[in-house]
Amino acid sequence: MKIRLFTIPNILTLLNLLCGANAVLRALVFSDLTGAFWWIALAAAFDFLDGFVARLLKESSPIGVQLDSLADDISFGFAPAAVLYALYVQMPGIWLGDRVGFIVFVFSAFAALRLAKFNIDDTQHTEFCGLPTPAATLLCASVGMLAEVRGWVVSREMIVLLAVVVALLMVLPIRMFALKFSGFGWRGNEVRYLFLAFCVVAIAVLRPCSIPVIIVLYILISTARWIFGRK
């Protein structure tokens, strides 16, 4: 079987990985949490583009699928945990000392599980099972960025709690809606349109603070839909 390594989608995936690696560098070496956030955001853009271009050019391949997960595990697994660890080191704690900050890397482990599950789960074409890793990543990375830019003080205990809770949300069997529209009509897309409208308002009013607000709302809406849907 002939394997093409350097297709356009694969190059975009590699750019995703390189952005994630740079985010780790910014967080752990330079303690630049704002820079780390923007490199992660750029990685998310490349993550969207590689799939879009692969479908557009009809160049989807098994190696692309595997490469995408490996890149995502760096950008959306290791990088956000690195941000949380760098933030942990900077922040005060009530009872947690410097040496237990490694606990935040549970995020990386659960992100790997989430990505592996996504690859083999055929039920996630129109919705997600568990919190998508990019959303989990932007939530954690934005907390680091806002702590640096807005002067947020987040205790070490809250940082560890955030890492553990978000890690669990990635693997719990909660069905979360995807922004994949079934046509452009209102029926069947009500939640998506309302959510997007809220996002526009939140970004206009809250600016960078809108990022964690939007993702937390996404989690709450999805969880409520899942609970009431089961009933």
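Let's start with the lining of the second largest pocket. By class, that lining has 12 nonpolar residues, no polar ones and no charged ones. Bear in mind that this is a predicted model. The pocket itself holds about 240 Å³ of space.

Which helices supply the lining? H5, helix H6 (156–171) and helix H8 (210–230) each give at least two residues to the lining of the second largest pocket. H6 provides the largest share of that lining, with 6 residues. Here are some names to find on the screen. The lining residues include Leu 139, Val 143, Val 154 and Met 158. Further along, Leu 161, Leu 162, Val 165, Val 166 and Leu 169 are among them. Pro 212, Val 216 and Ile 219 also line this pocket.

Now the core. The largest nonpolar core has 50 residues. Which residues have the most contacts inside it? They are Phe 107, Leu 131 and Ile 159. H5 gives this core its largest share, 9 residues. There is also a second, separate core of 7 residues, and Cys 19, Ala 44, Phe 46 and Val 53 are among its members.

Beyond its neighbours within four places in sequence, Ile 159 is in contact with Leu 84, Leu 87, Tyr 88, Met 91, Val 104 and Val 154.

Is Thr 137 buried or exposed? Its relative accessible area is 0%, so Thr 137 is buried. What does Thr 137 touch? Setting aside its neighbours within four places in sequence, its contacts are Ile 40, Ser 75, Phe 76, Pro 80 and Phe 107. Phe 107 is one of the residues with the most contacts inside the largest nonpolar core.

Next, another buried residue, Asn 10. Look for Asn 10 in helix H1, residues 8–28. Its relative accessibility is 3%, so Asn 10 counts as buried. Not counting residues up to four places away in sequence, Asn 10 touches Arg 4, Leu 5, Ile 63, Gly 64 and Leu 67.

On to the rings. How many aromatic pairs does the structure hold? There are 7 aromatic pairs. Tyr 85 and Phe 105 make a tilted one, 5.8 Å centre to centre, with 40° between the planes. Why does this pair tie together separate parts? Tyr 85 lies in helix H3 (residues 62–90) and Phe 105 in the loop between H3 and helix H4 (106–120), so the pair joins parts that are 20 residues apart in sequence. Tyr 85 is partly exposed, because its relative accessible area is 27%. Phe 105 is at 23% relative accessibility, so Phe 105 counts as partly exposed too.

A second pair is Phe 195 with Tyr 218. Their ring centres are 5.9 Å apart and their planes stand at 55°, so this pair is tilted. Phe 195 sits in helix H7 (residues 190–206) and Tyr 218 in helix H8, so the pair ties together parts 23 residues apart in sequence. Both Phe 195 and Tyr 218 are buried.

Ring pairs link Phe 78, Tyr 85 and Phe 105.

Staying with H3, look at Val 89, which is found in that helix. At 44% relative accessibility, Val 89 counts as partly exposed. Where does Gly 101 lie relative to Val 89? The two are 12 residues apart in sequence and 7.3 Å apart in space, C-alpha to C-alpha.

Last topic: backbone angles. Most residues other than glycine have a negative phi. Two residues here are worth a look. Ser 31 is not a glycine, yet has a positive phi of about 50°. Ser 31 is in the loop between H1 and helix H2 (33–57). At 37% relative accessibility, Ser 31 counts as partly exposed.

Arg 207 also has a positive phi, near 55°, and is a residue other than glycine. Where is Arg 207 found? Arg 207 is in the loop between H7 and H8. Is Arg 207 buried or exposed? Its relative accessibility is 57%, so Arg 207 counts as exposed.

Notes
Residues are numbered from 1 along each chain as its sequence is written. This is a predicted model: local features need pLDDT of at least 70, side-chain atom pairs count only at pLDDT 80 or more; totals for chains, interfaces and linings use all residues. Side-chain values use heavy atoms; hydrogens and water are left out. Buried means under 20% relative accessible area, exposed over 50%, partly exposed in between (1.4 Å probe, protein chains only). Contact means heavy atoms within 4.5 Å. A nonpolar core is a set of buried Ala, Val, Leu, Ile, Met, Phe, Trp, Tyr and Cys residues joined through side-chain atoms within 4.5 Å. Helices (H or I, at least four residues) and strands (E, at least two) are DSSP runs, numbered from the N terminus. On a 1 Å grid over the protein atoms alone, a cavity is a set of points where a 1.4 Å probe fits but cannot get out, and a pocket is an open set with protein on both sides within 12 Å along at least five of seven lines; lining residues have an atom within 4 Å of a point. Grid points are joined across faces, edges and corners, and a volume is the space filled by probe spheres set on the points. Ala, Val, Leu, Ile, Met, Phe, Trp, Tyr, Cys and Pro count as nonpolar, Asp, Glu, Lys and Arg as charged, and the others, Gly among them, as polar. Rings of Phe, Tyr and Trp (its six-membered ring) pair if their centres lie within 6.5 Å; planes under 30 degrees apart count as stacked, over 60 as edge-to-face and the rest as tilted.
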